[in-house]
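Hi,

Here is the structure I promised to pass on. Have a look at it first, and then read my notes below.

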Amino acid sequence: MLIMRTRNLITPWVWCVGIMGSFGFEGDGLAHETDSKASLCSSISNGNICCDRSSFRSDVCIMKGDIRTDSGSSSVILYKTNDYYNGYFLGGTRGEKIRPYTRKWETSVMDTIDELDLVVKGQKFGVHHGCDVQHSVPAVFFSTGGYTGNLYHEFNDGILPLYITSQRFEKRVVFVILEYHNWWITKYGNILSQLSDYPAIDFRDNRTHCFPEVHVGLRIHDELSIDSSLTKGNKGIGDFRQLLDRAYWPRIRGLIQDEEREARVNMERSALSPSANTSIEMPILHKQNSVAPKLVMITRNDSRAITNEDSLIKMAEEIGFQVEVLRPARTTELAKAYRLLNSSDVMVGVHGAAMTHFLFLKPGATFIQIIPLGTDWAAETYYGEPAKKLGLRYIGYKILPKESSLYDEYDEDDPVLKDPNSVNEKGWEFTKKIYLDHQNMRLHLGRFRKRLLRAYYHSVIKTNEQFGLQSQ
């Protein structure tokens, strides 16, 4: 019997079944995943391999039995105790290929992801790889290649799918990472420790690791979202938010203790030097307990910058906000960003990867996204709608052509200003070149003030309600 080996075609195989799901498009975007709770490979028996290729976003393969890694040949091998598979004589080795990354539809990036060979070998081929490390728990294999380095993609393509996929193991799982980066482990170590009790493994480790079960690839539901109907225990995005609380609290507690120690030292020094007219304060702790609503402004250094940002901050302060500025960089410690946003009432920023920080806001907080020309769909799809699912009060501020720097470069009737959708329809390269990489904004402060006032009054009312409940 012919065993088909392909990565792109969905074929009803004898030993690796794929069933077409609903992959339609909503506008120009990806449709929501429609997998049932019982996935195609949920009942796989020992000694078998099954690949679920029904999702538009990612492939997932599961292996059970005597499974051994061989990083030298980029293989994961399942050894059988006989030469038959599903009643058929193996007559050699059989296998599958998979690139364990969650942007399956995007060929250009998938071609950069390391490919794994999942191999089934019969008894007559013998076991040629002894176990250097024997694991008693399953493994999940995934890649941190692709768009890793961009905060949105790190959470959307990696961390959230890893949370979804690993829930069923209740931390008794080993993560095996292709295209392993030490900086990624450092950056997300707090989260990984909440998902697994074991250290992550670099697949390039030349030792042979043996597992009783392996899941290759991650399941993904929607943009920065979790469909609770598809997860074990009906876990949703709110549960993920609680996991972030647990992940970052130990580090935040350490930061608070460091600040308290530093403040005490400064006070003691001041007491020893009474002639010094020094004012000692604890800025972070004081601001977290301030009555004034806290607004965090996320600023940009490159394109899509707000050129009158200083005036915007001054206006927010005049309204009554206590304003903090966050200028995220690749090296920004997430625990510090989480601490700042977790204690804030409002987050304001321009559409871009940094808006992923909305995940750090408490449900009930307000998220104001400034939407440049030509980015309406992406802003709502990638951040606006997911923010609502988290329980945030979302306000989208769509700039007018006169608020864009493009207004000075194009005629008033040019499609770039008058009909951005027609420009976007020409292709991603046009959207990126014109609207993402070559546009700044000078906001109409009077117009934007209305959004800030709405956010301010909402925050004050919410705070008063909380005080009222606490006093009862």
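**Spaces inside and a helix pair**

The largest cavity holds about 100 Å³ of space. Here a cavity is a set of points on a 1 Å grid over the protein atoms alone where a 1.4 Å probe fits but cannot get out, a pocket is an open set with protein on both sides within 12 Å along at least five of seven lines, and lining residues have an atom within 4 Å of a point. Volume means the space filled by probe spheres set on the points, which are joined across faces, edges and corners.

This is a predicted model: local features need pLDDT of at least 70, side-chain atom pairs count only at pLDDT 80 or more, and totals for chains, interfaces and linings use all residues. Residues are numbered from 1 along each chain as its sequence is written, and side-chain values use heavy atoms, without hydrogens or water.

Back to the cavity: 15 residues line it, with Tyr101, Ser143, Thr148, Asp157 and Gly158 closest to its centre. H2 gives the most to this lining, four residues (helices, H or I, have at least four residues and strands, E, at least two; both are DSSP runs numbered from the N terminus).

The largest pocket has a volume of about 1800 Å³. Its lining has 50 residues, and His153, His351, Tyr382, Trp428 and Leu436 lie nearest the centre. H8 gives the most to the pocket lining, with five residues.

Enjoy exploring!
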